Amino acid sequence: MTKTNKSADPATISAHDHARQLDVATAWERHETMLPLCAFGDLGLCCTICYMGPCRIDPFSKEDLRGACGADRNTISARNFTRAVSAGTAAHSDHARGVCHTLLDTAKGKAPGYQVSDPVKLGKLATELGIKTENLSQVDLAAKVGHFLTDEFGKQDGTLAFLKRAPKVQQERWERAGVTPRAIDREVVECLHRTHEGVDSDYRSLILSAARCALADGWGGSMIATELQDVLFGSPRPVRSKVNLGVLKADCVNVVVHGHEPVLSEMLARAAREVEILDYAKSKGAAGIILAGICCTANEILMRQGMPVAGNFLQQELAVTTGAVDSMVVDVQCVMPGLAGVAKHFHTKLITTSNKARIAGVDHVPFEERHALETARRILRSAADNFCRRDPARVDIPPQSMDLVAGFTAENTFHHLGGTYRGSYRPLNDGIMAGRLRGVVGVVGCNTVRVQHDYNHLAIVKELLKHDVLVVETGCAAIACAKAGMLTPEAALEFAGKGLQEICAAVGIPPVLHMGSCVDNSRILIACCEMVREGGIGDDLSQLPVAAVAAEAMSEKAVAIGLYAVASGITTFFNPAPRVLGSPEVFNYLTAGLEKDFGAHWVFDSDPHKIAQGVIEHLDAKRAALKLHPMLYPVEMSRTA
Amino acid sequence: MRNSRKVYARPDLCTGCRSCEIACAVEHSASKELLSALFESPPPRYRMDVQAVNGVKLPVNCRHCTEPDCLFACKSGAISKDLKTGEVQINLAKCVGCWMCVMVCPFGAVSPDMDRAKATKCDLCTGSASGPACVQSCPTKALIYGNADEFNAWRQP
Amino acid sequence: MNYVIIGNSAAAVGAIEAIREVDTESSLIVISAEPESAYSRALISYELAGWLPQGANLELRSSSFYKEKNVQPMLGRRAIGLDTTTKVVVLDDGEAVPYDRLLLATGGSPQKTGVPGEEKLGVFGFRTYGDLIAIHQAVKNARQAVVLGGGCIGLQAASGLHHHKVETTIAIASDHPLSQIADAECGDFFQALFEKNGIAVKTGLQPVEFTGADSVEGVRFYDGTSVPAQIVITGKGVAPNVELAQGTLIRVDRGILVNDHMATDEAGIYAAGDVAVTWDRVACQSTINAVWPGAYQQGRVAGFNMIGVQRRYDGSMRLNAAEFFGVPFISMGIVKPKGEGYETHSRMLKEKGLYWKLVFQGNLLVGAVLMGKVEGAGVLSNLMRKRVDVSTIKDDLIAGRSDFARVLPLVKVQSEAFGETEYRELIQ
């Protein structure tokens, strides 16, 4: 059998080869059976919105072709795009709603095991939201904050509270463009209404409504999720851990948590440290319990609990195919239904826990806050029972695991830069203004079988670091770079340009900062606001020498994130492009037309090296517009190789 | 001639998705790549036409006829039939776009490419190692590239 | 066995290719008065108008065609006599070429206009390579030209002259261009199109004199007007070259009469192409359909029968295709029906440059004109040629839907009309 070339990660290649030897099909094999991809769908020219259709527009026709209702290629692709954005917003925001409910339940005493872990943050939030804190118990304060933020989803008046975190100029831009989001649910619902048959057909109007919806994600749903998760589970602090499939241990009970919400995984992390659970595992012949994460659940328990990371999105099935996972516990988002089929080839017990996300034929252990810790214990015990059923002949754990430091936030990261006692963004802004740092770029997003796994993330980040760009990361992109060893302070020496090295050495941070899960992209927005507030590099986000990159995008959430980044003034490089390429008008509007309203636009390019080049040129253009000092150090050619 | 190969369709398997049309256009574009082909001017043309009548879907392309009317009608000498392979091909270097072939093809499988002033039809993706692009693209395997015997064996229930 | 073909165009090539599909050895001689190897006379208008692809020429087949097909070409040699008792063809230099099977593919010649001054320098027919070369010479010094005749050839000739920056006037006896093969509505569209592109079109005008001394200087018309011209092209139609048949048993009625094997009444002698009178399957009458596809197919049928492979010619039909200033035009069958029993449907969309017309006779489709958009014309021409009962799809056809899938149900029920393998393969 020839070696697979599906990944840039050696552990993934080896695990995938093992899976193929066992004749277990994973996402890559299933994807191959889907080829060639339907061009109408891929280009956004297939419309299934009404039941006169499905209609599709021939992309090569020079005629003004229209679907049955008269929708042209612009309307069809803009509606498809808008629906993707609303689904992405809905996913992040429904996650956030869950966190709100957990906080409320905690306040009401209905969620034993949960507590307010960061009361300082809770207090700050209350003050920011205009809630009087005097004479309020912590529980009452939690309830008030919880109610206030729960109202953000369904309130009938006003606009979202966290928008005020943005610079004034930014808020005025949104007002002018008519995209200031109101309630979160309302924006999602309105987009679904607008894209219903026979409602909005003007592609510009559709995309602006999508932008308003996306802003309700970034400055609403995602931001609420981040803030309240910090309140409940504690704000992250820099923490060392390990990453890649090699964190699984042949002699331990291996439990993998996968999905997005920390509400369950936090409890599992707690239970896994309990002596009686450990003893139970040992009674089954195991040396201990390894609780490792996949995807954003991994990021959540990594940055708060220092738990190891087994891998990113495309490694979820490969964790199972190591044959060493006794239980995989999943909740919502990015959980491939294909896991069920893969798990059948092994002893692995797959458990769904969210009532929103069930897989036919898979054991469902409903997770409820009131019994959270007990549920977590039960899951771990059953995993230990399952450990005995493991077939050693089928076990093949790739040896690779890498050290990393994670747990950076908008609040703590630049405290590092300023030193512990004078926390401030000044040093960051000064570094940029002096030309030591070219700028800050968020490299985020998923994996996709349409791109060699991890390759784009790594290629782009390497190039950016070399050019003295500080990289901040979330999600699967962060895990990709962690596996490649870029998330350690020592990595600066290997990967960073001279200016970036100086900063990293002075502060003791890695050149790539792990800022959390995909809802935590909101942390990057806040960091950008802080940079503006600190002064000297622009009055709104669009003037900052910053950019966003999602070069292995897969989900509708990624599209929503991309759009809220653009609508917040951050030019976004995205690949594969959302399904709009069949309409030159929509393509042009996204890649150029949005600049007028937001001072930022999308860039669609599939070549990671061109993306990196484009990002650098973009940062240089922003620097030039701000008349900043030229870069201090030339790019070392020796690093090009 | 019995062994001559061409693209055959099974209407009973065709869902009418028109993926074959797009694949054909892309294969006959300058870049041979979907996203680049989108921006080519003039746009590439497909030579496969999925037609639908009364619920029956029929992918129609050149039948590479035993007695090719298009060849008989071609007044520029651009159309020829290879007596060994049975392939009927248009030599674009000679085609003047007189539309005689368009006027006589019983299947409507030769179409006028007004942008390039050339007649176009299925060329069986000559030169492509993987064979006709339409066959490769069909998600329901409703197309095969083969000879009459292979086709008949394939369509037996 | 000696095979001899007189003529060297579509019908001759059709016969050569058919004969050599079966018999690669026997002697095969091609005699032609024109010195060129087989070329497409239909393309001389394209050449004049600069429409040939870069590097392309008028050759109908590659330069090695005669060699590959083991043919002995006798080009630039005119056949002037035919002795059917001794079975020889006599050439202009006295050489006698014996034959066992003979194909008369002698074609036609431009009809004389009968207008005084026709012999003057600068008055051309527009049919042969020789004509083309001469016109190329003439356009170098000419400022104005007149083209007589508004058929496809006339219009294409005018386009060619216009391409060479010669101020051109088309003079047409009837009241609109393409009067033989299209309605006034369609003809008028093309008249306007030509005028828009700088070519004058005068209708209802008969020439009475080609003026000038040795060289033509203008054309005087019946109404007393004159148009100055240093070039005059006459496109008045074609007369079949039947001279060789005279004095033999071969029956001639305007052209040479043949049976459905393309055989004449004289044993071993066949005729095909523009010289042959064939059965028009659409118009249901004997006629000369001087069109390219017919010529090739008749030659092919003749060729097979000459070597003893029985093939029937199922009849001809009128087929014209052309393009003027980017607007394609196809006319087939009976498009200007005379008499009772016809049903016509037509539609003109002038702004879009689209016109289409269908003519039915009972349940048969017998004529069609397509202008601007000609896709799928072949589906219609085959319904006509095969005399298919189209009653079940008539409404579709009238609505302008003629994709092949609409014909498929007919293929199933009228199997005698659709006997070819290619059709049988399409039905389960």
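A helix axis is a line fitted to C-alpha atoms over the stretch in contact, and the angle between two axes runs from 0 to 180 degrees between N-to-C directions. Two packed helices are described by the angle between their axes and the distance between the axes. The structure discussed here is a predicted model.

**Helix pairs in chain A**

Helix α9 of chain A covers residues 203-233. The table lists two helices that pack against α9(A).

| Helix pair | Partner of α9(A) | Axis distance | Crossing angle |
|---|---|---|---|
| α5(A) and α9(A) | α5(A), residues 119-128 | within 7 Å | roughly 140° |
| α9(A) and α22(A) | α22(A), residues 521-534 | within 8 Å | roughly 110° |

With its crossing angle of roughly 140°, α5(A) is oblique to α9(A). On the α5(A) side, the contact is made by A:Lys121, A:Leu122 and A:Leu125, and on the α9(A) side by A:Glu227, A:Asp230 and A:Val231. Sorted by class, this contact holds three nonpolar and three charged residues, and no polar ones.

The second pair has another geometry. Angles of 65 to 115 degrees count as roughly perpendicular, and the axes of α9(A) and α22(A) cross at roughly 110°. The two helices are therefore roughly perpendicular to each other. Here α9(A) contributes A:Gly218, A:Trp219, A:Ser222, A:Met223 and A:Thr226, which meet A:Asn521, A:Ser522, A:Arg523 and A:Leu525 of α22(A). This contact has three nonpolar residues, five polar residues and one charged residue.

**Domains of chain A**

Chain A has a domain 1 (73-233), a domain 2 (255-394) and a domain 3 (405-639). The C-alpha centres of domain 1 and domain 3 of chain A are 24 Å apart. Between these two domains, 36 residues of domain 1 are in contact with 34 residues of domain 3. On the domain 1 side, the elements giving two or more residues are α4 (73-107), α7 (168-177) and α9 of chain A. That side of domain 1 is made up of 20 nonpolar, eleven polar and five charged residues.

**Domains of chain B**

In chain B, domain 1 is formed from two segments, 1-61 and 122-148, while domain 2 spans 64-107. How far apart do the C-alpha centres of domain 1 and domain 2 of chain B lie? The separation is 19 Å. Six residues of domain 1 of chain B touch seven residues of domain 2 of chain B. The domain 1 side of this contact consists of three nonpolar residues, one polar residue and two charged residues.

How values were computed:
Residues are numbered from 1 along each chain as its sequence is written. Chains are lettered from A and ligands numbered from 1 in the order in which they are written. This is a predicted model: local features need pLDDT of at least 70, side-chain atom pairs count only at pLDDT 80 or more; totals for chains, interfaces and linings use all residues. Domain bounds come from an automatic or database domain assignment. Ala, Val, Leu, Ile, Met, Phe, Trp, Tyr, Cys and Pro count as nonpolar, Asp, Glu, Lys and Arg as charged, and the others, Gly among them, as polar. Helices (H or I, at least four residues) and strands (E, at least two) are DSSP runs, numbered from the N terminus. Angles under 35 degrees count as roughly parallel, over 145 as roughly antiparallel, 65 to 115 as roughly perpendicular and the rest as oblique.
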